[in-house]
Amino acid sequence: MAALARFCFRHRFVVLLLWVCALAGTAVAAQAAGSRWANDFELPGTESAEAVDLLRASFPQTSGDTDSVVWRVPDGASVRDPQIRERMTEALAGIADVPQVGQVVGPYAPEGERQISGDGRIAYAQVTFTEQAMNLEKENVEEVIDTVQAAAGDVEGLQVELGGEAIQAVQGAPGGLAEVTGIVAAAVILSIAFGSLFAMLLPIVCAVFGIGTGLMTVTLLSHTTDFAEATTLLGSLIGLGVSIDYALFIVTRHRTGLRRGMAVDDSAVRALDTAGRAVLFAGGTVCVALLGMLALGISFLNGVAIAASLTVLLGVAASVTLLPALLGILQTRVLSRRQRRALAERGPEREATPGEPAGEAAGRAVRWSLLVQRRPRLLAGIAVALIAIVSLPLLSLRLGTTDQGNHQESRTTRKAYDLLAEGFGPGFNGPLQLVAETPEPADTRALTALVTQVAETEGVAGVDTPAPAPDGRIAVVRVIPDSAPQDEATDQLIDRLRDDVIPAAEAGTSLDVHVGGVTAINKDFASVITGKLPLFVGIIVALGFVLLLVAFRSVVVPLTAAVMNLLAAAAAFGALVALFQWGWGSDLFGLGREVPITAFLPVVMLAMLFGLSMDYQVFLVSRMHEEWVHHRDNARAVRVGLAESSRVINAAALIMICVFSAFVLSGDLDGVMAGIGLAGAVALDAFVIRTMLVPALMHLIGPANWWLPTWLDRRLPHLAVEPREDTAAGAEDDPRQQELAKTAGHP
């Protein structure tokens with residue numbers, strides 16, 4: 001690390017130029033190549049996936065994405081009025097001529113009467129593309145949108161809206177607002193903490209280069225690897241927070257060196273050789289947790305894991321290469337004017353550790369650390385009670401998938417969703433597809449019996465006539481539930497059809513029926529995730545345990561960290577259930593109704609939370625471990641470590657909370673859920689778990705915190721998060737430690 005820092009410091013302009021070229025080059029390449037996202041939730045081996053495969057083979061022209069054109073006329077008018085009919089018929093004909101549009105089925109054909117609502121004010125047309133949404137050319141979808149928007153024209157009171165995956169993909173949420181807001185919030189906090197414009201800019205510049213290069217690289221890789229569009233949002237979410245935090249940690253150590261009177265180059269090298277090691281270790285733990293998703297064998301999550309890990313890695317790379325180069329360019333300007341003036345007048349200060357509290361802040365840190373030592377049982381009890389209360393809603397967690405009914409009210413997809421629900425019932429937006437395989441010729445009697453039994457099933461609002469494929473061996477029956485796609489009643493209907501109704505209809509016949517459709521796909525995806533969650537949690541807990549075991553040569557410390565990480569995750573999901581699933585935040589976020597927790601969020605958030613929690617655990621326990629190595633006094637180690645690291649942890653957590661909270665502005669419900677959940681989890685983790693519960697438990701456990709069997713100690717590799725010569729520096733003559741020791745009655 002020292003050699004790398006010295007090279008980057010001496011060749012600072014070359015390093016800066018290389019990073020500028022990397023960012024600009026990937027940005028230009030990504031702009032020229034565009035993106036090719038694969039928003040596909042299908043899972044091989046599930047019943048809904050088998051239904052999709054049969055449809056693709058038997059209905060190639062209608063197996064692509066199906067979107068809707070919905071229109072409504074004012075009171076007293078009808079969609080059958082000649083002017084409305086002429087205008088919409090012309091628009092639908094124009095849509096049918098657009099490339100990649102396979103079929104348009106409107107309400108004005110003889111068989112289309114069912115596409116008009118009972119009051120005659122709402123009608124819809126189905127636009128079926130030849131490809132799934134992620135494979136469509138953007139300009140073709142935009143042409144469909146332009147044609148529909150022109151249809152309303154000058155017809156007074158005519159409302160025309162569009163819904164569907166293709167429309168959503170083209171008219172996605174506005175990008176960049178959440179990231180910009182998060183950067184601005186971080187800038188404000190850094191300005192207050194550092195009192196220097198240049199010191200404030202350093203972490204932000206590193207974050208911009210790191211996540212910017214990472215996201216552009218992910219966009220390019222989307223042409224060769226299946227990445228969901230959500231990977232960019234999740235990548236920026238985690239990358240922005242950790243990049244700023246890591247650079248903050250290094251800059252704080254560098255500023256400490258300068259205030260001690262060290263030369264600029266020596267201070268930068270020492271900062272990278274100390275704080276830089278912790279950053280590498282912390283970044284590695286985040287990536288290990290994220291890459292744990294690969295063990296689940298779900299292609300959608302594989303892309304998320306790779307993209308987020310790549311963004312974090314580039315953020316770490318910027319912190320350990322670009323940052324020392326920028327430190328060389330700025331020289332002493334990373335200090336405030338007051339600090340530079342004081343250094344020139346009084347000479348160097350003596351400061352014990354990076355981010356050490358001073359003045360009033362030091363007094364607060366000391367008093368809190370001593371309070372935790374004196375009242376460990378009380379504070380641990382308060383912390384556990386608080387976590388338990390926040391975690392209680394987790395018991396009613398239900399996984400699912402958000403849909404266009406949760407979009408912002410101003411978006412056309414949300415308006416189309418609401419119009420269809422108003423005109424045709426809440427279940428119309430999530431129809432089920434029964435894909436029946438029949439021998440040749442088709443078993444029409446068995447199909448008729450199937451339709452009859454399904455129509456009589458509880459929870460079914462309507463059943464269409466079977467639509468046979470050209471070869472007569474496949475028939476599709478559309479089933480409309482009487483509940484919305486996200487309602488638990490719809491999930492129960494799918495189970496009822498699969499477990500009871502369909503097996504009874506298949507008995508004694510040649511039918512083989514599969515329940516498909518978007519709603520069934522989403523349910524199967526949630527079921528697969530739920531089944532694999534225990535494996536995933538076990539993997540990341542085990543990997544985190546091993547990393548901390550090697551770093552701190554202790555069995556109890558990593559075991560405590562694993563339990564604390566699980567508590568933080570439980571509290572985060574408890575808060576999400578209360579806000580979104582119970583609907584406590586529906587009005588606040590403009591959701592319109594209660595929603596299940598997005599199925600993939602538990603995996604993604606658990607990976608992020610375990611990584612971030614490990615960061616704080618490393619920052620906290622590394623200082624405690626250093627004190628334990630030198631004095632073998634557990635009370636002193638916990639007391640000094642908490643007092644000297646709490647300020648850095650709290651400042652880093654505050655930045656992360658602001659960055660994550662800013663994603664409420666992303667316009668994407670999954671981003672809102674992830675942002676709120678992560679912000680709440682970080683707040684609880686930093687301010688309750690790491691600075692209250694963990695040190696209280698370590699006081700109660702005593703010297704056993706640092707127990708490691710001798711046979712295991714001999715076999716474990718040695719990993720130095722801090723260089724050995726640095727851990728001993730100033731250990732005995734540090735006035736900060738002397739103050740803490742005297743206050744507690746220790747020599």
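Me: Is Asp491 buried or exposed?

Reply: This is a predicted model. A residue counts as buried when its relative accessible area is under 20%. Asp491 has a relative accessible area of 15%, so Asp491 is buried.

Me: Which residue forms a salt bridge with Asp491?

Reply: A salt bridge is read from a nitrogen of one side chain and an oxygen of another, within 4 Å. Asp491 forms a salt bridge with Arg398, and their closest N and O atoms are 3.2 Å apart. The two lie in distant parts of the chain, 93 residues apart. Asp491 belongs to helix 17, while Arg398 is in the loop between helix 14 and strand 5. The relative accessibility of Arg398 is 19%, so Arg398 also counts as buried.

Me: How many salt bridges are there by this rule?

Reply: The count comes to 12. One of them joins Arg498 and Asp524, with 2.8 Å between the closest N and O atoms. Arg498 sits in helix 17 and Asp524 in helix 18, 26 residues apart. Both Arg498 and Asp524 are buried.

Me: Which residues are linked in a network with Arg498?

Reply: Glu47 and Asp524 are linked with Arg498 in a network of salt bridges.

Me: Where in the chain are Asp75 and Arg121?

Reply: Asp75 is in the loop between strand 1 and helix 4, and Arg121 is in the loop between strand 2 and strand 3. The pair is 46 residues apart, yet their side chains meet in a salt bridge at 3.1 Å, N to O. Here the two partners fall into separate classes of accessibility. Asp75 has a relative accessible area of 65%, so Asp75 is exposed, whereas Arg121, at 18%, counts as buried.

Me: Now the helices. At what angle do helix 21 and helix 23 cross?

Reply: The angle is taken between the axes of the two helices. The axes of helix 21 (residues 601–631) and helix 23 (residues 669–701) cross at roughly 30° and come within 10 Å. Angles under 35 degrees count as roughly parallel, and helix 21 and helix 23 are therefore roughly parallel to each other. The crossing of helix 21 past helix 23 is right-handed.

Me: Which residues meet where helix 21 contacts helix 23?

Reply: From helix 21 they include Leu601, Met605, Leu612, Tyr616 and Met624. Among those from helix 23 are Met673, Ala674, Leu678, Val694 and Met698. Sorted by class, this contact has 16 nonpolar, 3 polar and 3 charged residues.

Note on methods. Residues numbered from 1 in each chain as written. Predicted model: local features only at pLDDT ≥ 70, side-chain atom pairs only at ≥ 80, totals over all residues. Heavy atoms only, no water. Axes fitted to C-alpha atoms, helices over the stretch in contact; angles between N-to-C directions. Helix = DSSP H or I, 4+ residues; strand = E, 2+ residues; numbered from the N terminus. Parallel < 35°, antiparallel > 145°, perpendicular 65-115°, else oblique. Left-handed = near helix turned anticlockwise from the far one by under 90°. Contact = heavy atoms within 4.5 Å. Nonpolar A, V, L, I, M, F, W, Y, C, P; charged D, E, K, R; others polar. Buried < 20%, exposed > 50% of the residue type's maximum accessible area, 1.4 Å probe, protein only.
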